[in-house]
Amino acid sequence: MARVSVTVDGVRYVDDVPPRTLLVQYLREQLGKVGTVVGCDTGNCGACTVLFAAPDGAAQAVKSCSLLAVQADGGEVTTVEGLAGSDGTLHPVQQAFHEQHALQCGFCTPGMIMAAVDLLQENPNPTEAEIRDGMSGNLCRCTGYQNIVRAVQAASQASGTGSAVPPQAGPADTPSTAGVA
Amino acid sequence: MIPVAFEYVRPTTVADAVSALRSAGEDGKVLAGGQSLLPVLRLRLAAPSTVVDLGGISALRGIRLDGDWLVVGATATHAEVASSPLVATESPLLAAVARTVGDRQVRHRGTLGGSLAHADPAGDLPAAAVALDATVVVAGPSGQRAIPAREFFTDIFTTALAQDEIVAEVRFPRTPGWTARYEKFHRTAQAWAVLGVAAAVRRQNGSIAEARVALTNAGPTPVRASGVEAALAGATDLATVRAAAAHATDGTTPPSDASGSAEYRRHLAVVLTGRAVAAAAGL
Amino acid sequence: MTATLAGPEVGRRRLRKEDQRLVTGQTRWTDNLTLPGMLHLAILRSPYAHAKITRIDVSAARQAPNVVAAFSGAELDNQGVLACAWPVTEDTVLPTYLPMAVDEVRHVGEPVAVVVARDKGSAVDALDAIDIEYEPLPVVLDLEAALAPGSPLVHDSAGTNKAYHWVFDSADAGTGASVASAEAEVTVARRYVQQRLIPAFMEPRSVVVDPTGGEWTMYSATQIPHITRFLLAATTGTPEHKIRVVAPDVGGGFGGKLQITPEEWITFAVSTKVGRPVKYTETRSESLVSGHHGRAMIQDITLTAKRDGTVTGLHVKLTANMGAYMGIITPGTPLLGAFMYNAIYKFPAYRFECTGVFTNTTKTDAYRGAGRPEATYAIERIMDELAAELGLDPLEVRRRNWIRHEEFPCTTVAGLVYDSGNYEAATEKATGLLGYEALRSEQAARRASGDPVQLGIGISTYTEMCGLAPSRTLGALRYGAGGWESVTVRVLPTGKVEVVSGSTPHGQGHDTAWSQIVADQLGVPFDDVIVLHGDTRIAVKGMDTYGSRSLAIGGIAMVQAAEKVREKAKKVAAHLLEVSPNDLEWSEGAFRVKGNRDQAKTIAEVAIAVFAAHDLPEGVEPSLDSEATFDPSTFSFPHGTHLCAAEVDTETGRVTIRKYVAVDDIGKVINPLIVEGQVHGGVVQGMAQALFEDAIYDESGNLVTGSFADYLLPSAADLPEIVCDRTETPATTHPLGVKGVGEAGTIASTPAVVNAVVDALRPRGVHDIPMPLTPERVWQAASRQEGAA
């Protein structure tokens, strides 16, 4: 057993955990923070994404299945459950996911939302290509990603810095050629 | 899903880390960013008795200049490397490669030292280290030793690191003013590189004065494309670049697997080398 | 039927009521559940594709720390069997399918022993202590090898690997002529291989069984709680009325959770043995190897035509991989395409044959579209081949053969009656949105200049059948159950409305769409409706969710139930207004006195009166609820035109989708937002079959693509934006005019993408590239055949 002290969504927890405990297991099974989910065992799907700030670092998106709980000792975790305001006001990214219909079954959604929050934190005004690339650590099987991209665009705009969400699907239609053509 | 139980050690000095590894013996495993190790543990493909976490050792962090060298601490993350103004200026190729590793979340945790020590033939950063003639500084029971990157990678998932050694830092010769491109060819954004080409060039008076080229996943270890480099000297046009790229298959022994045959990888080596060099040189 | 159709809710882009919980993490996934005293189950799985179990001893595992019990297959003597509901012929081979193997294993990943412990880690650790020895047996993986004489047998007792042979012939059915007699100025014969796919829903399957008090509650991440309950009772001998099955939030299915699973049955049996709640949640690796797979068939297609492009006949021979066992509808899945190979085309002769084959692989079963994507792929690919053969534009060949809009209703050569459609309109809209002519010009320019990046345009003018299915039809096809659906509408005393839905969602947005429909039907606010589902104690009757059936069938039941409520309410309203029911009309959400509109009663006003029951008309019961169960008499037939413009880098083989246009005709739309979401996701799943996904076995029968690191699902970075539009030809067979949309995108997009890539390379003599179109395969096609005829 190893002693860990972790702040999750504003609450400080102190626990003894077996070292092999994954952060996501700790969140779900020991703290009851079941809003964060597990979708794979190879770090591909990103469903377990949370924001993590090490004691000496800034908050960044991480896959909580690829981090041991003991590695989070002294740090601070924000999950999808900790994003909304205390009065229940949705975070702009949560609101945008709702308004743009960026979720269907909703299983990938916690990870998608946390990844989007992280992306916009670093790049408040991403292009569509930057969004698609920036969200490539998260898999969704329902939406085809289209409305997820639009939600990130909308959240970017809602934060006052982003470009407008295009009114209806209007794909880039520019011819391209090979790099050395 | 759940790793086999292990002892966990989180030393705060390099010396303590080395002695922890030493006492753990063959069943000890180093944890840096954990982005490769954790999945391996979860799938129970490895079952170390002791995991030595380098995360608490501040001496392994940071990016700095030291004379002619850009020095990157072993536990500097890919995100730190990719976004560092110092790396962007002093080693544009390293920055370009670091930006392509994994995904955002992985780059936030994964480390340069971890990537090199893991020595996955499909990993991106080993090719950068080999292309740039980096020196891997490793720490062991008897202090530090420096290993040239070309000698560091010895086989698939195998390095010159002894069991009780860790990567301390990686020293890159400063290449300010060089321009670079990493052509990573993968089937999906999440997939490992089928093949990758890391290229950096120094241009002078409109021609390529010097070039550094290395290939990812063209053999068990990164392949330095010396033939390409030699043929690029003085190149001023695309035709010369393409002709030089034909040497990209020299010394390669690419694998055949589900993501591509050896023949296809050799073909890609040539095409992507041409593209990487052309892009790096602005041609 | 006389439903109120054009209300203010239906047709609105209503934001989903499901979302608030899901975006804040307030979810009810099965794995979130923790019950008092709950134990955790871990499963030991076979590493062999085919072997005898010569020795198994779990006693050491029982001694491991925190372990409560452990069982081999033989020791779990209450495990029951897994039933197949669809023996497609009288002589279909249905081998005994035990949840946990007893003597012999027939695919990698088959359960052989289980441990149940206080915590998950202890359960998994104790698997190592199980003593098991195998004697490997010969493995058969290849479909044609499995049918060859002398092949190793997956099931010795069957004496063959052939599971069944099923035939539809239009000459025998009286719906057309014999293919042998078809005029054949041109014959195009092709073999297409539908690679094996994995549904890969994002939520791994999870099951919790609580046996407390001699009654069983099973919580399961399933699409089919009602069918699961029935089959648990039927196959384990547990009285049905003591079983409750709950599907809480379910994270995607795509057919992959249309199954009764070994894991559910094992957990049920183990919880009974230990008398405590037991949870099992699969890892992704377990999910990929144990959950059923889809597609996996060889299609030998022969099309005959006249030189003017008129199709005269189609002969389809399928060899379909069943895997090692028959899942709930394994044998029938390929046959769901049998009536769809003729697609939107008129021709006089059609023959379809399917041979089901056992192999030492994970079983196959329904995956989004189930039979129809395969059919659409084959016909839309071969129509392009016919066009190439004749030197015609592929759109022109389609125009010359499709059913014209004035020809509906139309009985097809497969015997189905298409009620409605307008292929011309959808195609015209799609070609306009794509910029078809301009892209053809650009294609010609690129060909002329020898551009290393070539351009291709792929066409898919698809139709499909939704609303599975008329019970009589299912009976005729030997499926074991009906295809009806049930809905209860209940008005509460305060005027709020409970809609109890037999079909249960896993991402489709039932709560929102059903609320819109019922709000219009009863004149109540959208927010005053709650939709209940997914619990057999609440939604007592249902046939569950698959085959784009929820709205197409459940929607009718819902309208009928609401109408019954309104009929009853009308009597009460008339009584309260002291007029005859005949003097009332339903208008703007209330019963109004004809000629005196202000004299009116809303449903809410009636509800409180019914609740009080002080003054009800003679013979009216004091309740305002109604149930309807609807069994369709026919299918619905959405259709559309999807166009894909793809760039092919001939130097690397990289395919980049430059523009994708989806114009779908799904009839009336309840909620355009939800419809577009279904189309986006469906199209991308179809693209993923075309370009990325492939479940690969090695020669020993190990699943090589056993994790998400190897089974490549595309991310946002790998895909284009999709241009969506619609035409609207209401279904004439449905009171709401709806058709269904859940599978359309997947059905349409795979051939559109592959046609585009083949089109790009056709001048190089390329006529086909096997799926998935990996860069290496495309590069090989582009380079090796360069200059060929």
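How many helices and strands are there in chain B? In this predicted model, chain B contains twelve helices and 14 strands. The complex as a whole receives an ipTM of 0.97 and a pTM of 0.96 from the predictor.

The overall form of chain B was examined next. Its C-alpha atoms occupy a box of roughly 60 × 45 × 30 Å along the principal axes. The radius of gyration of chain B is 19 Å, and this agrees with a compact globule, because a globule of 283 residues would have a value near 19 Å. Of the 283 residues in chain B, 60% are buried. When contacts in chain B between residues at least 6 apart in sequence are considered, 63% of them connect residues at least 24 apart.

Among the strands of chain B, five form an open sheet in the order β4-β5-β10-β6-β7, and the pairing is antiparallel. The edges of this sheet are β4 (63-66) and β7 (143-148) of chain B, each of which pairs on one side only. On average, and with direction ignored, neighbouring strands of the sheet are turned by 25° against each other. Strands of a sheet pair through backbone hydrogen bonds, in either a parallel or an antiparallel arrangement. In chain B, strand β6 (residues 135-140) is paired with β7(B) in the antiparallel sense, with six bridges between them. Within β7(B), B:Arg145 is the residue opposite B:Val138.

Chain B also has a loop residue with a positive phi. B:Arg44 is not a glycine, yet its phi is about 60°. This residue belongs to the loop between α2 (37-42) and β3 (50-53) of chain B.

Two contacts involving chain C were characterised. Between chain A and chain C, 53 residues of chain A are in contact with 52 residues of chain C. On the chain A side, α2 (92-99), α3 (109-122), α4 (128-134) and α5 (146-158) each contribute at least two residues. The residues on this side of chain A comprise 27 nonpolar, 19 polar and seven charged. Between chain B and chain C, the contact involves 15 residues from chain B and 20 residues from chain C. The element of chain B that gives the most to this side is helix α12 (residues 262-281), with three residues. By residue class, the side of chain B that touches chain C holds ten nonpolar residues, four polar and one charged.

The average pLDDT of chain C is 96, and 98% of its residues score at least 70. Residues 1-6 of chain C have a pLDDT below 50, and this stretch makes eleven contacts in the model beyond near neighbours in sequence.

A hairpin is found in chain C. Strand β23 (residues 590-593) and strand β24 (residues 596-601) of chain C run antiparallel and are joined by three bridges. C:Phe591 has C:Lys601 in β24(C) as its bridge partner. Two residues lie between β23(C) and β24(C) in this hairpin, and C:Gly595 in the turn has a positive phi of about 80°.

The peptide bond between C:Leu468 and C:Ala469 is cis, with omega about 0°. C:Ala469 is located in the loop between β18 (453-463) and α13 (471-476) of chain C. Another cis peptide bond connects C:Met771 to C:Pro772, with omega about -5°. C:Pro772 is part of the loop between α18 (744-761) and α19 (775-784) of chain C. C:Phe254, a residue other than glycine, has a positive phi near 60°. The loop that holds C:Phe254 runs between β11 (243-246) and α7 (262-274) of chain C. C:Phe254 counts as buried because 31 C-beta neighbours lie inside 10 Å.

Methods
Residues numbered from 1 in each chain as written. Chains lettered and ligands numbered in written order. Predicted model: local features only at pLDDT ≥ 70, side-chain atom pairs only at ≥ 80, totals over all residues. Contact = placed C-beta atoms within 7 Å. Helix = DSSP H or I, 4+ residues; strand = E, 2+ residues; numbered from the N terminus. Nonpolar A, V, L, I, M, F, W, Y, C, P; charged D, E, K, R; others polar. Rg over C-alpha atoms; globule rule 2.2 N^0.38 Å. Buried ≥ 20, exposed ≤ 12 C-beta atoms within 10 Å, placed from the backbone. Pairing = 2+ DSSP bridges. Axes fitted to C-alpha atoms, helices over the stretch in contact; angles between N-to-C directions. pLDDT = per-residue confidence, 0-100.
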